[in-house]
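I opened this notebook to record what I looked up in one structure. The entries follow the order in which I consulted the model.

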Amino acid sequence: MSDPNTAAAPKGGSWFIIDPTHKAKVAWDMFISVLVIISAIIIPYRLVFHPGQYEFGYWFDPFYWVITVFLCLDFFLHFNTAILHRHRLITDRKAIARHYLKTWLIPDAIASLPVGPIILLGTGATSGALLA
C-alpha cells in the first residue's frame, strides 16, 4: 500500500487511479459526507417551512446545484479510486467498476441526479405548484 502522503496514483496500476488512503481523497470523502449531512437537514427543512421560497423553483437555487455538482464529481471519482481488499490495493479498472456496481453505484446515482428539476421538467410545473 502506498504512503498516504505521496502521489495520488498507486504505482503499477491503471493511469489516474486514486489511492483511497491519500490525504486529498480522505479530505474529499469527509467534505462529501458533510454535504450529505447538511442536505439531509436543509432540504427537508426547506420543504416543510419554506415550500415557495424560490419563485423559479430549483433552477435558481445555488445550494441545490452546488451539492448536485459535487455529488456528480464524487460519482465519477469512485470509478477512478482504487479499492482496498484484504490489505491489498486493487487498481484494475474492471475490478473497481464491478465493486462499485455491487456496492454504492445505485445510491450514489440516485443522490447525484437532480431529481427536483427532472420532476419539474416532467410535469411542466414550478416548485410552488408541486407543493400547493
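**Entry 1: Overall composition**

I began with burial across the protein chain: of its 132 residues, 27% count as buried. I note at the outset that this is a predicted model. I then looked up the secondary structure and found six helices and two strands in the protein chain. Read from the N terminus, the order of the elements is α-α-β-β-α-α-α-α. I also consulted the contacts between residues at least 6 apart in sequence, of which 57% join residues at least 24 apart.

**Entry 2: Helices H2 and H4**

I next examined how helix H2, residues 62-78, is placed against helix H4, residues 105-112. Their axes come within 8 Å and cross at roughly 155 degrees. Angles over 145 degrees count as roughly antiparallel, and H2 and H4 are therefore roughly antiparallel to each other. I recorded the handedness as well: the crossing of H2 past H4 is left-handed.

Which residues of H2 and H4 meet? On the H2 side I listed Thr 68, Leu 71, Cys 72, Phe 75 and His 78. On the H4 side I listed Leu 105, Asp 108, Ala 109, Ala 111 and Ser 112. Sorted by class, the contact of H2 with H4 has six nonpolar, three polar and one charged residues.

**Entry 3: Aromatic pairs**

Phe 79, at a relative accessible area of 26%, is partly exposed. Both belong to one aromatic cluster, which consists of Phe 75, Phe 76, Phe 79 and Tyr 100.

I looked up Tyr 64, which lies in helix H2. Tyr 64 has a relative accessible area of 12% and is buried.

Where is Thr 91 placed? Thr 91 sits in the loop between strand E2 (88-90) and helix H3 (93-102). Despite its place in a loop, Thr 91 is buried, at a relative accessible area of 14%. Its C-alpha atom is 6.5 Å from that of Ile 17, although Thr 91 and Ile 17 are 74 residues apart along the chain.

I found phi of Arg 86 near 55 degrees, a positive value in a residue other than glycine. For His 87 phi is near 65 degrees, again positive in a residue other than glycine. As to accessibility, Arg 86 is exposed, with a relative accessible area of 71%. His 87 is likewise exposed, with a relative accessible area of 80%.

Key
Residues numbered from 1 in each chain as written. Predicted model: local features only at pLDDT ≥ 70, side-chain atom pairs only at ≥ 80, totals over all residues. Heavy atoms only, no water. Axes fitted to C-alpha atoms, helices over the stretch in contact; angles between N-to-C directions. Helix = DSSP H or I, 4+ residues; strand = E, 2+ residues; numbered from the N terminus. Parallel < 35°, antiparallel > 145°, perpendicular 65-115°, else oblique. Left-handed = near helix turned anticlockwise from the far one by under 90°. Contact = heavy atoms within 4.5 Å. Nonpolar A, V, L, I, M, F, W, Y, C, P; charged D, E, K, R; others polar. Buried < 20%, exposed > 50% of the residue type's maximum accessible area, 1.4 Å probe, protein only. Phe/Tyr/Trp six-rings, centres within 6.5 Å; stacked < 30°, edge-to-face > 60°.
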